[in-house]
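Take a walk through this protein with the coordinates open beside you.

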Amino acid sequence: MIAFLIAMAATFFGCLILVPAFLGFTRQCGVYVIVPERRCYVYMLFGKVVGIIDQPGLHFLPVLMGWRAFIVHWLGSRLILDMRLDQEYLRSQPVNSEEGAPMGIGIWYEMFVSDPVAYLFKNTDPAGSLAANVSNSTVRCLSNLPLGQMLVNRHAMSATVREEVSPQSHEWGYKLGSVYIRKVHFRDVVMIEQIESKVVNRLRQVTSAIKQDGANQVSIITSTAERQAAIEFAKAAAIRPEIVGAALQKISEDEQVATCLFEILETQKIIDSGARISILPAKSELLGELLATSGHDRKPPAPPGGSPPPMMGR
């Protein structure tokens, strides 16, 4: 049992210390190398490139470089390049439209390392050179375009810039990916204020025109309704005498009904008139003259309620 525990402890410490130490020593001796994803290892020996590994995984250096693999870590150097996709945004590149308006264009582009040797030795600043190339191509290709096309047709402008830049950037080991015009704007502050003022005035004009058109429509609808109502009222006024005449003719066919109706109408008119009625006995001419001279038969003023005065008899 004790022997088993001793063997287990020796195996544990051996795997913990000896195996990593052995693997590190073999890597330093140039036996193998592990390349991560989207990385490129460039090995140089005596000022020359002796090996390029751009594929991820486990690689045995003696197979790729021969006897130079055992001394490249001691007498040479290893350069590690990032092969991942990179992005850059250039703000407000100055261009002029065909009408002479000063415009600014914001351009976004992608790039990645396509040739490690050219990237390392043909240009000391490939990223800066690519940015300058994209900026110059943007100004050169997009200047003197019509303002309407510059504000709307961004896809065609992006394709034009990409076709212009790609062949030159590949010579420096950088390959251009997608190019997109993200923003087109005016650079002159005074022009921006004038455009804003014109837009505001135009909006006010349009709003006023819409309000006036609505008022005109309402007036047309109102006048049409009033005209139709007047026509209908006129028709009703023209038909009313005919209807009343027909009703009176039907009533006059019965003499008793006609007599009662006219008496009722006469009585109603007398009541509505508010006149004072004085009833005198027969053969009293003197009493009538006295009432006439005293003013008792005059119409008294109506009460505040508007109801006719009570009838008085004498």
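Is Phe46 buried or exposed? Phe46 counts as exposed, because its relative accessibility is 63% and the cut-off for exposed is over 50%. Keep in mind that this is a predicted model. Phe46 sits in the loop that links β2 (39–45) to β3 (48–53). Its backbone deserves a look too. Phe46 is not a glycine, yet its phi is positive, at about 60°. Most residues other than glycine have a negative phi.

Find Asn144 in the loop between α5 (126–142) and α6 (147–152). Asn144 counts as exposed, because its relative accessible area is 57%, and over 50% is what exposed requires.

Now step back to the whole chain. The protein has 314 residues, and 23% of them count as buried. Its secondary structure comes to 10 helices and eight strands. The accessible surface comes to about 21900 Å². Carbon and sulfur atoms hold 61% of that surface.

Is His59 buried or exposed? His59 is buried, because its relative accessible area is 18% and buried means under 20%. What does His59 touch? Beyond its neighbours within four places in sequence, His59 is in contact with Val31, Tyr32, Val33, Val35, Ile53 and Leu64. The side chain of His59 also has a polar atom 2.7 Å from the backbone oxygen of Gln55.

Asp115 takes you to another loop, the one between β7 (102–113) and α4 (116–121). At 31% relative accessibility, Asp115 counts as partly exposed. The reason is that 31% falls between the limits of 20% and 50%. Asp115 and His170 are 55 residues apart along the chain.

Cys141 lies in helix α5. Which residues does Cys141 touch, not counting those up to four places away in sequence? They are Thr160 and Glu164. Met157 is 16 residues from Cys141 in sequence, and the two C-alpha atoms are 8.1 Å apart.

Cys40 is buried, with a relative accessible area of 0%. Cys260 is partly exposed, at 42%. How many disulfides are there? The count comes to zero. A disulfide is a covalent bond between the sulfur atoms of two cysteines. The count rests on a distance rule, so a pair of cysteine sulfur atoms must lie within 2.5 Å to qualify.

Finish with the rings. The structure holds one aromatic pair. Two arginines also sit over tyrosine faces. Arg78 lies over the face of Tyr41, at 4.6 Å from the ring centre. Arg182 lies over the face of Tyr89, and here the distance to the ring centre is 5.1 Å.

Technical notes:
Residues are numbered from 1 along each chain as its sequence is written. This is a predicted model: local features need pLDDT of at least 70, side-chain atom pairs count only at pLDDT 80 or more; totals for chains, interfaces and linings use all residues. Side-chain values use heavy atoms; hydrogens and water are left out. Buried means under 20% relative accessible area, exposed over 50%, partly exposed in between (1.4 Å probe, protein chains only). Rings of Phe, Tyr and Trp (its six-membered ring) pair if their centres lie within 6.5 Å; planes under 30 degrees apart count as stacked, over 60 as edge-to-face and the rest as tilted. A charge sits over a ring if NZ of Lys or CZ of Arg is within 6 Å of the ring centre and within 35 degrees of the ring normal. Helices (H or I, at least four residues) and strands (E, at least two) are DSSP runs, numbered from the N terminus. Accessible areas come from the Shrake-Rupley method with a 1.4 Å probe; for residues, only the protein chains shown count as cover. A polar contact is a pair of N or O atoms within 3.5 Å; within protein, one must be able to donate a hydrogen and the other to accept it, and residues adjacent in sequence count only if both atoms are side-chain atoms. Contact means heavy atoms within 4.5 Å.
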